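Hello,

Here is the structure I promised to pass on to you. Please have a look at it first, and then read my notes below.

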Amino acid sequence: MKKTGKSKVVYWIIGIVVIVVFAFLLIPPLFNLINRVEPWVIGLPFFAFMELVCGLIISAMLVLLYGVQQRRGEL
Amino acid sequence: MNYVITLGMIGIYIAGLCYMIYRNPLPKQDFEEYAVGGRSFGWAFITMTIVGTWYPGSLYIGWAQMGVDMGIVNTYLIFYTLGSLFVLYLIAGPLWKVGKRYGVKTMGQYFQIRYNSKGLRTLGGFAALLIEFPWIVTEMLAAGYAMQAITYGKIPFNLGMTIIAVIFIAYIVFAGMRAVIIADFYQGWMYLLTGLVMFVVAAYVFFGGFGSMFMEVRNLNAEFLKIPGAAAGWGGEAPGILFWPSLILMGIAGAYMWPSLFARIFAASSTKEIKASSRITPFVAVIFAAAVMWFAVGISARPEFNEGDSAYAMVNALSSLGPVAVAVISVLILSGSLSMMDSMVSSWAIVFVNDIISPYTKISSKRQTNISRICVIVLGFGGLIVSMQELPTIFQMVSRMYQGIVQFFPAVVLGLFWKRGNKLSAWAATIVGLVVTGIFAFTQPDFVPALNGMQGGLLALAINFVVYIVFAFVAKPEKNTEEVFAVQRMKDEELEAVK
């Protein structure tokens, strides 16, 4: 099935979100922003909290990618 | 009494495992059936086999030790798992289709189809086998320790490893990859549900929750809650800031290059079934792995569990909760180790027959199956004997192996998505990558201080990519490239029709 313009936009959004999250996890100047103990958020040190946030965002993007492909018959 | 409770629980677990495997014998004595389970498994099995194989028994020993000694750097596992699931999602479709069309069972065989090179098939098989082999040691050690803990020392370490080796070798010989996937399905659920409950409860019992646990750790040494972690755990000097990204990137690129995981792609009944597993596996990575890894960091605040060998600090802590906890953590370690070891040994045997013997001799499918069975016995007991020797720490072994296996990533991924890739580029890139990694393995195996903590394998991977791209423009693609790419673009149903 040929990809529509709309489906391509969704893929671009998923790709950009995942790249941005991984950039915060991997590239030292950005990583230094999250590699901190303070402040504590929901009872967790900042880095642990950000691990949770980044992990859940990446997971959600993968599920979204599957959902979009399934709905559009692109699997 | 304690002894009876723990052995009883383990007995129930092993009886359940044997029953599941016994109920699912090989439908026919055929190598396709033995090696990839007849390409018949749905998403539920694929999901649990990924979970079961991904989180080994050494999670509670080696990775826990990293958390206890160095701190939260052990959570790199979460992110390389997530990244590798994206890689799986991207490569699974085209690889599965090539596998279905040409009967591919291993990475080496894919190389022969894509690059038209029998030699590359053998190199891929032989090198992957050699690089993954030490991993069995990490799992044997974990299983031996679990057996010792369950029996309160009545079964010595080496005897415990031998019992476990006999169990998994027996069921792989019985039903090959089918047995492995059925066993992993059973173990994956057990691993996930009991593990999650166990670690959340333990965090509350020991510390009053994860928040209070992290407070205790911070009061002791706040460095444990940042990357790269406590300098003392690194022998006085922590690696530079590039160590953390290096660990994650190596994991992402290397994860599905392991023969044991690569073969899972071909066991699925369709590309949809592989991709459907992505609805569950990423959340397991975040929630389950974070609970285990964070708890290990918390244990660093309780030195009473950390006396002697820190590898066993987490097990010591959980065992202090009583015999039921001993049994649960032992089942967790055993199920993790068994599902990892069965996957590895079965896939090595298949790689050996498929990529090292079969390309050079004409043998029947039944004979391939029987030779695989002999290989399972030789490789399984070979791993057991090596495990009884003096070895480096589990984390060191795993990290060094990743640097080697990752060198197949460019030839697989660029081969799947870039038509210009050719035999010469795949050969040159893989050889250069393996040689550069080999040089670092003998000089600076864990990380390179001059590169700010980056691992030598990552530098080798970058060179590997460059070499592949350069040589892709030097030589022409093979004649069958267009045909392989046409297969990759086909729908699953169209492939069935071609068959």
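Let me start with a helix pair in chain B: helix 6 and helix 7 of chain B are roughly antiparallel to each other, since their axes cross at roughly 160° and angles over 145 degrees count as roughly antiparallel. The two axes come within 7 Å, and the crossing is right-handed. Helix 6 of chain B brings Met107(B), Gly108(B), Gln109(B), Phe111(B), Gln112(B) and Tyr115(B) to this contact. From helix 7 of chain B, the contributors include Leu120(B), Arg121(B), Gly124(B), Gly125(B) and Ala128(B). By class, the contact has 5 nonpolar, 6 polar and 2 charged residues.

Before you go further, please keep in mind that this is a predicted model. It scores ipTM 0.91 and pTM 0.88. Chain B has an average pLDDT of 86, with 96% of its residues at 70 or above.

The loop between those two helices holds Asn116(B), which has a positive phi of about 55° although it is not a glycine. Asn116(B) counts as partly exposed because it has 17 C-beta neighbours inside 10 Å. Arg39(B) also has a positive phi, near 50°, and is found in the loop between helix 2 and helix 3 of chain B. Arg39(B) counts as buried, because 20 C-beta neighbours lie inside 10 Å. As you know, most residues other than glycine have a negative phi, and most peptide bonds are trans.

On that last point, chain A has something for you too: the peptide bond joining Glu38(A) and Pro39(A) is cis, with omega about -5°. Pro39(A) is in the loop between helix 2 and helix 3 of chain A.

Back in chain B, Ile405(B) belongs to helix 17, which covers residues 394-405. Ile405(B) is buried, because 27 other C-beta atoms lie within 10 Å. Leaving aside residues up to four places away in sequence, Ile405(B) touches Ala128(B), Ile131(B), Glu132(B), Gly254(B), Met257(B) and Trp258(B). Ile405(B) and Gly251(B) are 154 residues apart in sequence, yet their C-alpha atoms are 9.7 Å apart.

Finally, the two chains meet in a contact of 24 residues from chain A and 33 residues from chain B. On the chain A side, helix 1 and helix 3 each supply at least two residues, and helix 3 gives the most, with 12 residues. That side of chain A divides into 18 nonpolar, 4 polar and 2 charged residues.

Best wishes

Conventions
Residues are numbered from 1 along each chain as its sequence is written. Chains are lettered from A and ligands numbered from 1 in the order in which they are written. This is a predicted model: local features need pLDDT of at least 70, side-chain atom pairs count only at pLDDT 80 or more; totals for chains, interfaces and linings use all residues. Two residues are in contact if their C-beta atoms, placed from the backbone, lie within 7 Å. Helices (H or I, at least four residues) and strands (E, at least two) are DSSP runs, numbered from the N terminus. Ala, Val, Leu, Ile, Met, Phe, Trp, Tyr, Cys and Pro count as nonpolar, Asp, Glu, Lys and Arg as charged, and the others, Gly among them, as polar. pLDDT is the predictor's confidence in each residue, from 0 to 100. A residue is buried if 20 or more other C-beta atoms lie within 10 Å of its own, exposed if 12 or fewer, and partly exposed in between; C-beta atoms are placed from the backbone. Axes are lines fitted to C-alpha atoms, for helices over the stretch in contact, and angles run from 0 to 180 degrees between N-to-C directions. Angles under 35 degrees count as roughly parallel, over 145 as roughly antiparallel, 65 to 115 as roughly perpendicular and the rest as oblique. A crossing is left-handed if the near helix is turned anticlockwise from the far one by less than a right angle, and right-handed if clockwise.
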